[in-house]
Structures are given as C-alpha cells and as structure tokens.
Amino acid sequence: MTTTTLLEGTGLGKSYGGVRAVDGVSLRLSAGEVLGLIGPNGAGKTTLVDLLDGAQPADRGTLSIRGRRLTGPPSRRARAGLARTFQHPHLALDLTVRENILLGAAAPRLAGIGGLLGGLAAGALRPAGSRFDATLRQVAGALDLGDLGRRCGDLTLGEQRLVEVARAIAQRPSVLLLDEPFAGADATGVAAISEAVRAVRAQGHGIILVDHNVDIVASLVDRIMLLRSGTVVFDGDPAECLASPEMQDVYFGTGGENVVA
Ligand SMILES: Nc1ncnc2c1ncn2[C@@H]1O[C@H](COP(=O)(O)OP(=O)(O)OP(=O)(O)O)[C@@H](O)[C@H]1O
C-alpha cells in the first residue's frame, strides 16, 4: 500500500538565546495518520508546532506540505492546508461560538487579522445557506457545542478548547495541529475531541496531537514521537514507546526535564 506524505520536515531547529528548544527534528506525517508528540515540560513540543505553522520562524531546516515547500506566516500556511489550535486558546472572546467557527472556515481566504476583521465587516461571515453553514452544523454537531450564540468569553476553558478545535476543523485542513486539546476538558470534552480526531483521520487528513495525557494520546495515535530537550528520542509504535527504556528514562530517570504536568 502506498502512503501519501502530507507533511515533511527535515532538520528543524530553533534556539531561544542559549536554549535549543528544537534541535534538528525531522518528521513525516502521512495521509490518514495521527502522530502523537509527547515529552516533559520544556521538551520543545509547542516550539515544534510553532515551527510547523509559522508562528515562529525556524533557524534551520526545511518543511513541505504535499511535496511543496512550506514557508511564511501562519496565514500563508493556512492557505496551504495547515490549521492549529493553541495551548492557550486564541479565540475572539467577544464573538459568539458561531462567529469564531466561521472565522476559522473563512481564515484561509482572509489573510491575517486585518483580512479577518475586514471579512467580518464585509459580511463574509454571514453566509446564510452557503457551504459555511453546512460546515458549521457538521463541526458544531460533532463536537456537541450546544448553543452557538454564546459569547466565547462566557465559556469555560474546556468549552473554549472545543470551540478552537471546531474552528480549526472548519478550515478543512489537510494537516491539523492540536496543541494540548485535552487540557481542562472534562470527560465529555475528551470524548468529543477524541471522536473529532478519529473523524478527521477517517477523511484521510493528517493530525499531530500534542498532549501530556500519555494514555489518551496512545489510544488515539498511529505513531508517537517522544521529545526530550528538543530532540527526538523515540519515534514509533505507541505501545512500544510506552514500554521503551527511553520513555522510562525521560519521565522517571534522572537528569531529565520536569516530570509530566
Ligand atoms: N518564546 C520563548 N522565549 C524563550 N524561550 C522559550 C520560548 N518558547 C519556548 N522557550 C523555551 O524553549 C524550551 C522548549 O519550550 P516548549 O514550550 O516548546 O516546550 P514544551 O515541550 O511545549 O513544554 P510544555 O509541555 O511545558 O508546554 C523551554 O526551555 C522553553 O523555556
């Protein structure tokens, strides 16, 4: 069986002052694959996601999506098929759930915050009867978001995470980057996000899932990359990763970063 490579990074690196946050990481994500990214606090997981979506420029390394070089700011990468969620949700808190999700659906067409605000003012997010409404109903229904007219600032952190996942999925990305989507989510939220991950995967898209809950990650992913001090120390089968000496060493050995949060 041939697999289509969606995302490929080679020798990615990023330093902050003297700290090598990401130190020569190479990765490959195939169509219909969920890749788990785990590691203790400070291992470089979020920085790696930042390098993938362009939130931070890489010091070195190359990145491609569907065989095409992927460069530039997040807005350009969104148009190329990448969407992400953040460790701390980046929602427009004064807007409703519906408006935030529709912003996501429109994001690849509307470059940058200026474009998004312009699109909002121009009515791009009032597409009654358009495919946006179909997207909205589909995504919101799958994630069980409840009343879409609620202001996002009035939601719990767990609910905000669900909205952010919905917004990212509404972009219909070929690669979805989820940074700690389960943090602060209750059991219902965990189940909803897990279901969304399976649905996106079943559509042949790729997902990179970062989370500290190793058991949930292992139950959802096809492969795990274990990071330590910015480098990959294990890349392979989830069950093998959990049982590996590298895993023991990273989380329970001496000389590592902080223990898992
Ligand atoms: N903007 C920044 N400026 C300076 N140092 C940073 C910055 N972002 C990350 N770092 C440092 O880079 C290293 C990797 O951090 P990163 O947040 O990527 O790790 P992480 O694995 O996502 O950790 P956590 O699980 O706690 O979120 C850490 O030493 C961190 O202090």
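Author: Helices (H or I, at least four residues) and strands (E, at least two) are DSSP runs, numbered from the N terminus. Residues are numbered from 1 along each chain as its sequence is written. This is a predicted model, in which local features need pLDDT of at least 70 and side-chain atom pairs count only at pLDDT 80 or more, while totals for chains, interfaces and linings use all residues.

Strand 2 (19-30) and helix 1 (45-53) each supply at least two residues of the shell around the ligand. Helix 1 gives the most, with three residues. A residue is near a molecule if its C-beta atom, placed from the backbone, lies within 6 Å of it. The residues around the ligand are Tyr16, Val19, Ala21, Gly39, Asn41, Gly42, Ala43, Gly44, Lys45, Thr46, Thr47 and Gln87. By type, the shell holds four nonpolar residues, seven polar and one charged. Here Ala, Val, Leu, Ile, Met, Phe, Trp, Tyr, Cys and Pro count as nonpolar, Asp, Glu, Lys and Arg as charged, and the others, Gly among them, as polar.

As for confidence, the predictor gives the complex an ipTM of 0.98 and a pTM of 0.88. The pLDDT, the predictor's confidence in each residue from 0 to 100, averages 86 over the chain, and 85% of the residues score at least 70.
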